[in-house]
Amino acid sequence: MTDALDFDDYVAANGRALESYAFVLTGQAASAQDLVQTTLMKAYRHWRRVSRTEYPDAYIRRILTNTYLDQRRRRGFTEQPMADLPERAAGADLAEGAAARSEINWALEQLSPHQRAVIVLRHFVGLADAAIADELGCSQATVRSHATRGLQRMRDVLGGRTTDSDDTATGRLR
Amino acid sequence: MKDAAMNDLETVLPGLLGDLGRDAPHDPDLADRARHGVRRRRVLTVGPLAAVLAVCLTLGGIWITRPGGSGTAPVTDPPSACRPLETGPLPEWARAGFSQPDGNPFARSDSGARVAVVFAAPLVSPPLPDRGNKILWVPQETPALTDDLVITGTLEGATTSTTIDLHSAPGPSSVDMPAPGCWHLSLTWGSHTDGIDLRWEPSSSAAPS
């Protein structure tokens, strides 16, 4: 079996999951596609090594997560979260519908990149705090701190109590 | 919606994020695009080198086939990820503290954002008593002081691996590997990861210093 075939098989089986993860992480279709593309290019360059690792999924997801965080860091703090949700769908059922997805995405945009990564890894990917700490290269206490602050921020904005002065939303905290 | 969000966000979040994930755009040619992207980048970076190599091979072929020239094909080792250390000037961002920018050989990391400056080349395994395998890891971006540099080495062609935690030690660090060969070093500090390939020669091959 050639490396190229292995790579194709892997992407065919796992590409959609990567795309979903990238989309939840970035909230934007174009950014998610760029992120997946960059991640797979990095993985392909070292495919022999990547495919021999015990958990290639975790390895590749880690590349994607760190690429996302690096990209956000490079963009610096010029990106500010929106003060309010445009065309907010009052009364929409959060469990269903495009309006609800838009609203939860908006709430995620109010988080710092690390808070968002922790929330997504914990509640979308389903990782335990220890695994998240390993993936982000930080302590479990830091993971718990990001999760607590992130969830509180989401509760605040989803509950209509935006706190624009809260610097946790501007990415100043890791 | 506010009630749901306020009451138990953690309970509903997996379902909501799952719904959001299903909206992700799908590219049916993901693998092809990644492969082509890598090839395009290789052409851009390797193209000029390939042209130089082609000229060298042509001149070499002329030399070998000339009357009286050696026609014996050289014996080559299997391809390795480890390339010879660079001996030119260090990248500008890595020169702080060096009086001569080209005084020490070095290797670049996979991303190019970190260099390993080797103070006593070649690196050898096992280490010799009278010289250390001193390496200075120079990042392009200054890491947080709390970020330990953790190196996990995997020996090419084997399953041997070893992990070294440098605890952000300032200055050059001694990096001794358990066996000679080409090692892929996975570098982790903070949320960053990178890789670099370095060769440790057998101690017996090192010239006495």
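Visitor: What is the mean pLDDT of chain A?

Guide: This is a predicted model, in which local features need pLDDT of at least 70 and side-chain atom pairs count only at pLDDT 80 or more, while totals for chains, interfaces and linings use all residues. Residues are numbered from 1 along each chain as its sequence is written, and chains are lettered from A and ligands numbered from 1 in the order in which they are written. In chain A, 76% of the residues reach a pLDDT (the predictor's confidence in each residue, from 0 to 100) of 70 or more, and the mean over chain A is 80.

Visitor: In which helix of chain A is confidence highest?

Guide: Among helices (DSSP runs of H or I, at least four residues, numbered from the N terminus), confidence is lowest in α5 of chain A, residues 97-109, at a mean of 84. The highest value, 96, belongs to residues 113-125 of chain A, which form helix α6.

Visitor: How many residues of α6(A) are buried?

Guide: A residue is buried if 20 or more other C-beta atoms, placed from the backbone, lie within 10 Å of its own. The rest of the structure largely encloses α6(A), because the buried residues number 13 of the 13.

Visitor: How is α6(A) oriented to α8(A), roughly perpendicular or roughly parallel?

Guide: The axes (lines fitted to C-alpha atoms over the stretch in contact, with angles from 0 to 180 degrees between N-to-C directions) of α6(A) and α8(A), residues 140-158, come within 8 Å and cross at roughly 95°. Since 65 to 115 degrees is the range for this class, α6(A) and α8(A) are therefore roughly perpendicular.

Methods: Helix = DSSP H or I, 4+ residues; strand = E, 2+ residues; numbered from the N terminus. Buried ≥ 20, exposed ≤ 12 C-beta atoms within 10 Å, placed from the backbone. Parallel < 35°, antiparallel > 145°, perpendicular 65-115°, else oblique.
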